[in-house]
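Visitor: I am new to this structure and would like to know what lies behind the words used for it. Could you show it to me and take my questions?

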Amino acid sequence: MALELLILAAYLAALLDIAVKRGVGAITAATAFALLHSATSPATGLFRLGEIERGLVLFVSLIYLTISIYSIFYAKSIERRGWFWGWMDVFYASMLTFITADHWVLLLVGWGGLDLASWGLILTYREEEDAGRVGLGEGAWGIRWMWTPSASALRAILTVEVGTAALLIATGQAAAGTPYISQWSALPDLAAALVLIAAFAKAAQLPFTDWLMTAMSAPTPVSALLHSSTMVKAGPLLLLKLGPLMPHWAAQVAFLVGLATALYGGLVALAQREPKVLLASSTASYLGLITAFALKNPTEALWLIYAHGVAKATLFMAVGHAIHVNHNRTPLEYPLASKIAMAVALATLVGITPLGALAKAEADWWLALFSTLTSGYVGRLILKTETVSDWSPLAWPYLALAAVGSFSVVAMPNLLWGFSLVGLSLAYLPPAGALYRRLGLPVLYDLLVPKAFHALARFVFALDRFLDRQMFRAQVLWDSLYRGVMVVERYTDMWLHGWIPESFKRVSLSLSRRRFEYYLYIAGVGLGVALYLTLWIWIR
Amino acid sequence: MYSDIFLAVTALIVALSLLSAKRGVLSAAVATALMVGYLLISQRTTLASMPYVGEVAVLVDLHKLPFIAVSIALGLLVTLYAPRYLEHLKAERWYYLSHVLYVLSFVFIVIFENLIFVFLALELSIITSFLLIWYFGYGNRRMVGLIYFIWAQVGSILFLIGVAASGHFDASTFQATGLASLLVLLGILIKMGTLGVHFWLPYAHAEAPTPLSALLSPVHVGLLAYWLWRLKDGAMWPVEVLYMYGLATAIYGSILVFREVDIKRALADSTIANMGLLVSAASLGGELGYLTMAILFTGHAFAKAAGFMLSGIYIVHIHTRLLDQLKWNTPLLTVGILTFVALSGVFGLTLVGKAFLAIGVPHDAAAVLLLLFALFSTALYNFYLINRIYRSGPAEVNASSDMYIPTLLSALLPYVLLALLPLLWR
C-alpha cells in the first residue's frame, strides 16, 4: 500500500474525529499503520521508508494506539472532544510525515504540523478550567506562577517557532541543490548551527526548556503523546536524520547542551509539586540525554528514544489516571495500577528491563547520575502518595504498554544499573525552592523577553507615530503653498486686470489731455515744410 | 481571434457592471465570473498600435495566471459575501458597478504588456476604490480617501514618469537606468506600501468598506510584486538590497501589529509585513523568485481576505472591530484559526513560500539573522492576534451563511492549495 495514501488517510482521520468526537479515526489510522508498516512503501520519491523509519513508524503508531484507547475513557471528562481528537490526529499524521519525509518541504510540513497541533491541543481546556492550568498561582520572582491554556499555548508556539524559522533557513540553504534530503551533501557551518537551534527548541533544550513545562495545560493524554513519541522527539530525530551532514563541532555542542539540559531537568523535577510538571522536567532531562548522543552515538540515542517513549507514555497515563480519580491536578492518592506501571516505567528508565537494557547497552557509567535522579522524582510519585484501589478501564492501556513495551525485546539487563534505585531516597528530601522555581527560567520568558520586546515595539511605535504626524504636517506645507499661490494669483490678477490696463488708461488720458494731435499736426506740417525746403535747396 | 475575445469579454463585463448598478449582486457576480474568459488569451495579442505608446498587447502566460486567477476567485468570493454587508452599510447598488470595475482593474494591471496601459489600469483601480472609500468608508472617510488617493496617485505617476523616461514601454523589452529606473521602483514600492512609504496603508485598508478591504489588502497591493519581479532585470535594481529591505519591512510591519486594538488595522499592518516578504521574494533571481512570490502572494491573498471578511462578520453581527471584544463560537474560531495560521506560515501555502524565501538568502550571517527575525516575527504576530481573540471568550454569534461560507472558503484555500501543490507543480 502506498505510504502517501496512508498518511493522507491519517490527516483525513482528523476530519472524521472532529465529526464523531470519539477517536474512531485515530484508532483506525494507528492500527492501520501498525499492521501495514512493513507492507507499505512510498509510491513517490517524496518519502523514504528505511529500516529506522519503519521502526519509528511502528513505535509512534503503537504508542498512539495505546494513548487513543486510553483517551476514549479519559476524554469523557473533556468538553471539547472534537477539538481534542482532531488535533491529536493532526499531531500523529504530522509526526509520520516528518519521520518519513525525504523531500525537504514535506519535512517542514510535518514539522509545522507538530507545532500547530501542539498549540491546538494545549488550548483544549477552557480558560477557566483548573485542569488546564499550570502553577499554583503564587507571585514570586516578579511573575505570577500560573499559566492558563492560552498563555501556555502562546508560550509554546512562540518558543518552537524560533526553531522552525531556523529550520526553514537551514533546510532552504541545503535544498538549493536538490530537494531530496537523502541526496544532500555536508551542511555549511551556518546551516548546521541553525539545525541545532531548531532541534534544541523542539526538544525543549536549554534555554528553550520552559515551554514544555507550561504545555502541561493540555489534557494528560496529550502530554503522554507529546512527551513520548511526537513533538519533542522530532528534535533529536532531526539530528539523527541530518547527522551525517553535520560538521564535527555540532556533535560537541549538542552533547554539551544536552547534558546541561539533562542535569537541569533532573534536578528541577525533584522539586516539583505538580506531577505533570515533574514529568515534563523529566522529559527535558531525557531529551537532553538523547540530544547529547544523537550525533555522537545515534544507535544509543535511538534506543533511548524507544525506552523513554514507552516509559514516559506510561508515566503520564498513570498520573492521568490519578488526576482523573482525584479530580485534581495535584493528586495525593494514586491507584495501585498506576503505581505498578510507574514502577515498571522507572525500571525501564533505569535500565533494568529488557527495553531499558538496550537503551543502556552502550551507556557510560556516569549516566547512573541521571538514573539516580530519575529514581528520586519518580519515587516521589510512588512513595510519597497514598494508594487507592481503582481498576477502571483507564488502567489497562498503560499497564499493557508498560508490560509489552518494556518486555517485548530480548536483552539481558545489567543489574548493576539497579544501584541507581538508591536515588529513591531523594524522594524524601525537602524540595529546594530555587529548583521548584525552575532556576528562574520562566522569568526569562514571562518578564525579560516580553520587556525587551515591548521596548523594541515602543520604539517602533514612537518612530512610526512621529513619521505619521509629519505626514499630516505635510498638509501645513500644502496650505502654505496654496496660500502662496493665491497671493501670486491675486497680484498677477491685479497686474493683468488692474494695474496694467489702468496704467494704459492713465497714460492715454494724460496724453489726450496734452492735445497731442495738435502738436502732431504742427510737427507734421513743420516736417513737411522742412522737407520741401531741403529738397528745393538740394535741387537748386 | 484573441483580441476579439478580449474586446467581447470586456464589453460584456462593462455592460453587466452597468446593469449591476440597477440589479445588484447577481449581475456583479456574473460579470466577475466572466473574467475567466481572459484566461483564454494564452498568446501575446496586439490590440492596437498607437503613436508614441507603441504596441498595446495583452497576454496571459503561466507566470501571470496565478495572479489573475486569484484576483478573479477572490473578486467572486467577495462579491458573494458583499450583499449583507452593503445592506448593513445602507449602500446604494452602484457600489457593485465600482466593485466590478475594481476587480476588472486587477486583471488589467497584470494582463497588459504595455506599461502605459498598466498605468491606466492602476488609475482605474485607484478611482474605483477611492470612490468606494469616499462614499462607503468608516470614520473620517473623506480624509482617509484623500490620503489614499494622493499616495496612490503619487505611486502611479512616479511609475508612469519612470516608464516614460526609460523610453521602453513594452514589458518584454523594458530597460531603464538611473533616475527612470529609480522612479519606477519608487512608484511600485509606494503602491505596495513598504517600509518608509507605508503610512497611507493602515488608514486606507482599515477604513475602507470591508468588502473593499478584502480586495485592497490581499490583491491590489500584492499585484505590484509581479511587476517588481518582471521588471527587475531590465531596471537593474540592486536585488540584494531589495531582499534585505523586504525583510526589514516584514519585521517592521509585524511589530506595528502590536499597537493595534482594532482587527482591521491589525490586518492592515500585517499587509505591510507581507508586502515585505513579497518584495524579498520578487528580488530573488529566476524561477525561484517567481515561485516564491507567486506562492506567497496566493497564500497571503486568500488568508488576508478571509481575515477581513471575518472582521466584516463581526462588524455586521456584533457591531465591533475591537480585538478584545471579538467573542467567538466554533465556526468563527475555526475561520480565525485557519486565517491566522495560514498567514503565519506555520502551516499552509505560506509555509512553502517562506521556505523558498530561505533558499535565496544571501550567504552571510547578517542576512540570515534578518531573515530569521523576519520569519519569526511574521509568525509571532499572528499567534498573538488569535490568542487575543481567543481570550475574548466564547459567545453566541449567529453569522449569516451568505457571509460565512465565502469567508470559510477563502480561509480553507491556502490549505487546499498546499495539498494540491504537488499536482499544480507537475
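Guide: Gladly! Helix α6 (residues 141–166) of chain B packs against helix α7 (residues 178–192) of chain B, at an angle of about 155 degrees and with the axes 7 Å apart. This is a predicted model, where local features need pLDDT of at least 70 and side-chain atom pairs pLDDT 80 or more, while totals for chains, interfaces and linings use all residues. Residues are numbered from 1 along each chain as its sequence is written, and chains are lettered from A and ligands numbered from 1 in the order in which they are written.

Visitor: Why are α6(B) and α7(B) called roughly antiparallel?

Guide: The angle is taken between N-to-C directions, from 0 to 180 degrees, with axes fitted to C-alpha atoms over the stretch in contact. Angles under 35 degrees count as roughly parallel, over 145 as roughly antiparallel, 65 to 115 as roughly perpendicular and the rest as oblique. The value here is about 155 degrees, and the two helices are therefore roughly antiparallel.

Visitor: What makes residues of α6(B) and α7(B) part of the contact?

Guide: Two residues are in contact if their C-beta atoms, placed from the backbone, lie within 7 Å. Among those making this contact are B:Trp151 and B:Phe159 of α6(B), and B:Leu183 and B:Lys191 of α7(B). By class, the residues of the contact are 15 nonpolar, six polar and one charged. Here Ala, Val, Leu, Ile, Met, Phe, Trp, Tyr, Cys and Pro count as nonpolar, Asp, Glu, Lys and Arg as charged, and the others, Gly among them, as polar.

Visitor: What is counted as a helix or a strand in chain B?

Guide: Helices (H or I, at least four residues) and strands (E, at least two) are DSSP runs, numbered from the N terminus. Chain B has 16 helices and two strands.

Visitor: Which part of chain B gives the largest share of the side that touches chain A?

Guide: In all, 28 residues of chain B are in contact with 31 residues of chain A. The largest share of chain B's side, 12 residues, comes from α15(B). That side has 24 nonpolar, one polar and three charged residues.
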